[in-house]
Amino acid sequence: MQIGGNYPEPGEGRVIHYLLPDRAAVGRARENYCTEDCVRVDLLSGPQLPHAENIVRHLVCEIPGAVSREEAMRVLRPLGTARLKTAQGWTEITRKWPDEIDEWTHWLHGPDSNPVAADRQVGPPRRLLWTATPRRARSHEKSPSLTGMVSARGRLFYINDEGTISLGGNVPDKWRLVARDAFSGALLWKKPVPDWGWQAWSPNQPMNLRWGNPRFIHRRLVAVGDRLYVTLGYSAPVSVLDGETGKPIRKLAGTENTSEILFHNGRLVLSVATKAKTQTKSAPPLAILVVDPDTGTIRWRSEPMPSLADLSERGKSDVLKQGRLMIAADKNRVVAATTDEIVGYALDSGKETWRVARPVLPSKKSKKSKDPEEKEKAPHALPGVGTHNIGMIVLDSGRVYFGQPQKAGKVSNLITMTLLCLDAETGRELWRGDYQDWTYTTSLNVYAVKDKLVVHDEGPQMVLLDAATGRVVKRHDISAVNSHHHHRCYRNKATEKYVLMGKEGVEYLNIETGEVTVNRWVRGTCLYGIMPANGLLYTTPAACACNQMNRLDGFAALAVAGSRKVAKVENPLIKGPAYGTAGKALAVDAWPQYRRNALRSGQVDLSPATGDGWKVQLPGKLTAPVSDGTALYLGCDDQVVALSCADGHTLWRANGRIDSPPTLYKGLLLFGTRDGWIHCLSAGDGRLAWKFRAAPAERFILDDNRLESVWPLHGSLMLFKGRVYAAAGRSSFLDGGLCIYALKPETGEVIAATTFFTEQTQQSDYYEGVTNDLLVSDGESLFLKHMKIDPETLAISRLQWWEFSGPDGKLKAYEKSIVKLPIEKRRTPVLSSASGLLDDELFSRAHVQLDGAEFCNRLCFDSKYAYGVRHSLGPGHFQFHVAGKDSFPVLCFDRQAAKAPVKQKGRNYRANGSAPADHRIIWKRDLSVRPSAILAVGGKLLIGGGPDNVDKSDPLRSFEWRAGGLLHTLNCADGKTLSEQKLSAPPVHEGLIAVKAGIFVCLKDGTVLKL
């Protein structure tokens, strides 16, 4: 951040906020940086900087006295620096690393594999510090998209697949090693990771099946200080990278086929396969290597030993097994597990110091025996592949804790675990016990916290053991986290204060008090999960369908509730030169708001003009347009643009970053911006009528590397009965919640206002909160996803979303629970989407719905019929779309047909939105187009998108919208094709509109067309 002075120079890894003391200087600077996405220029107003706490890396203030030392320290992140100009010269400040926070350098925190951060600031999340794309993992049914995340010295590193979501077939992955600032989320660098993903470890089964990644691939990424240690390929050697720049420092010869990486006492401890990974049934033998990372010298190498292969179930038999030894290091010790033994080594010499047998599994025969001695003596083979080999090793305080499941089946929820405690010096057994661990398809959960060992047990309970003796010290009832669902598909993690469980979201257990705090609206990627570090909770993109209406998606850093009061603006309304210039009502054939009306129908009954078309190229990313019949209005990067409907020439431009089209009302143009303001302009010339700050304060964070308000607004506002409605914020759970307003569009006067904040005590209910979205109306009420809003009072009630039933057919307890919001039946004739109406991804588990039956990825409708395009015809799990083979079904629904359950494929699908109601389908067509926009006009159905095929020379070309676009026109009556047209690019999300002057479309390459 820079205050005053000469223009700062943009550069890679830099996001600049440039604050200037007068409006004229701000205007000139904005013109200078008009093409720079990573520079924002604002007016310096008052002594308080417009930033969230702990996110600024470098601060330069060229204006003496403009920023106090206290304010600089507030916004600086740990290890951040500030240079403040004074009358006497320059003052330099560096913020020290707080003792209360901790790093997370390995998959399980450190080389000791104890998943516990010495972090006393991590707690229940109530503030967002940054967020970044991708918003989702690629698929719920295919390989998880994240294969490791670690943090060191204020940086965050992860390996993520950035390929197109919800695709099956032979489509390449797009793996990237990414570095971000851990506190602000600023992108530092990114580099490709070749020979990774299914092409590397499952070449015979494209995309794998669910959980098809090598189960412990996360152990290939370690960050310590300014260095990053990683294998940049499935069989590649360990590379040492500079953490700040990503530049390679060296490759470590002789470390090819590394399976696990630890860093301890200045050395790398590796488990390395002795031959290439070519087997799907068993893993190759592994040896332990200790390497000097500064020179590449191998200090010692153990003898090869039989390794543990990854769990093989649900199709994972086609994964090339990498093997592992569950290595852990502490002080001068290295411990590993083979198929039947636990082995200790001296770190400095490699000398084997002890070797003990693993616990014996009960055989099937012994389980039936009533003789306890026979059960104890019964042998059981320990093959390299099996559930019992997804156990755990933790080293702590001179002791080794080894956990092993007692069965060789699917790991689901509670599973009996034998926990063995050994002396780390001698291998002597100190104690053992059996507990019911709480997990799902991943390794077991044991946490060493000071002098206690924390384990899960039946009940469900969390048990605190004396770490030295195994004696039970305390038991906590954790039944508050129970729900209908299985445990998340990843490891639980902990801090010294909390265990962070993944039953439904992220549930915090206070280790000392036993208090449970439920947060169902956050979760992480399958197999990896979440990470508590740097005083923050880091969440990762999920591929789940559950909780989409209130779930926070994408990469995010979350903090506990802040104690600092935010200064509010005394006069949030600013009047401009066009104030009071509202004109006549719009023509009935106008397209005044997103998808034309308050229903968001995307349909109009008229015959558009068919004269000469035109084409205009704009320099930026476009939104869908709106039109009064004379001009088009749309967003283009950080501006709102007006184009003539007659010939496309630019009428005017105005500043404002919007994510969806503006709204027209009586000669006025209204829109919300990502900096937290509502703007009203004269539609004729773009002059400001008024603007109102809907955000409760001026506070910026990074959203995908761009500065935005903590409380942004969607561009498209709701016009309803002569009022404009808007919601500022991201989630009712975060930063004080959503600020909802009803304003007079002519003047900006506040008619009603409310804050919708979901208290922590309300989160026991399943769908209590909501994330922000476009508002919808049925002509009587307003709707924000599953929340119903009274347009007069802004009072909020919750619509019943799902009806899960237990074995007795009765509703689960969470649907009966007493909640603050009244619950109403869900059936409403409005368009709704759990993931949001602006969701432009063709995710197989996210849909828009109407009447609770017509679930599609794109949908438009009138009072009688609905027309939609689906990702697939079948709902639920394992719905793959194979490009070039599968098509996108286009459907016409009879909205007036009776809604009744229908039997299909042996399952009873309900007409409440959980499955297609096929008895209402009038016709069906298949198109080979990836749809991005749909429009019904004058008896014609227009569907625009991109080609759906795999180009062998550039396989991702079609899915990254680089292969041109297509526009299909169908007959609404029978679905027959009337015409096909090629476009230079696909339409932007719902970028097709129609008015009397013609049909217009905005494309992803910045083109605006009149057809």
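Strand β49 (residues 677-682) and strand β50 (residues 688-693) run antiparallel and are joined by five bridges; strands here are DSSP runs of E, at least two residues long, numbered from the N terminus, and two strands pair if DSSP finds at least two bridges between them. The model is predicted, so local features need pLDDT of at least 70 and side-chain atom pairs count only at pLDDT 80 or more, while totals for chains, interfaces and linings use all residues. Residues are numbered from 1 along each chain as its sequence is written, and side-chain values use heavy atoms, without hydrogens and water.

Cys-680 has Trp-690 as its bridge partner in β50.

Six of the six residues of β49 are buried, so the strand is largely enclosed by the rest of the structure; buried means under 20% relative accessible area, with a 1.4 Å probe and protein chains only. Trp-677, His-679 and Leu-681 cover one side, and Ile-678, Cys-680 and Ser-682 the other.

The largest nonpolar core has 87 residues, and Ile-678 and Trp-690 are among those touching the most other members. Such a core is a set of buried Ala, Val, Leu, Ile, Met, Phe, Trp, Tyr and Cys residues joined through side-chain atoms within 4.5 Å. Strand β39 (residues 555-559) gives the most to this core, with five residues. A second, separate core of 45 residues includes Trp-614 and Cys-636.

Key
Buried means under 20% relative accessible area, exposed over 50%, partly exposed in between (1.4 Å probe, protein chains only). Helices (H or I, at least four residues) and strands (E, at least two) are DSSP runs, numbered from the N terminus.
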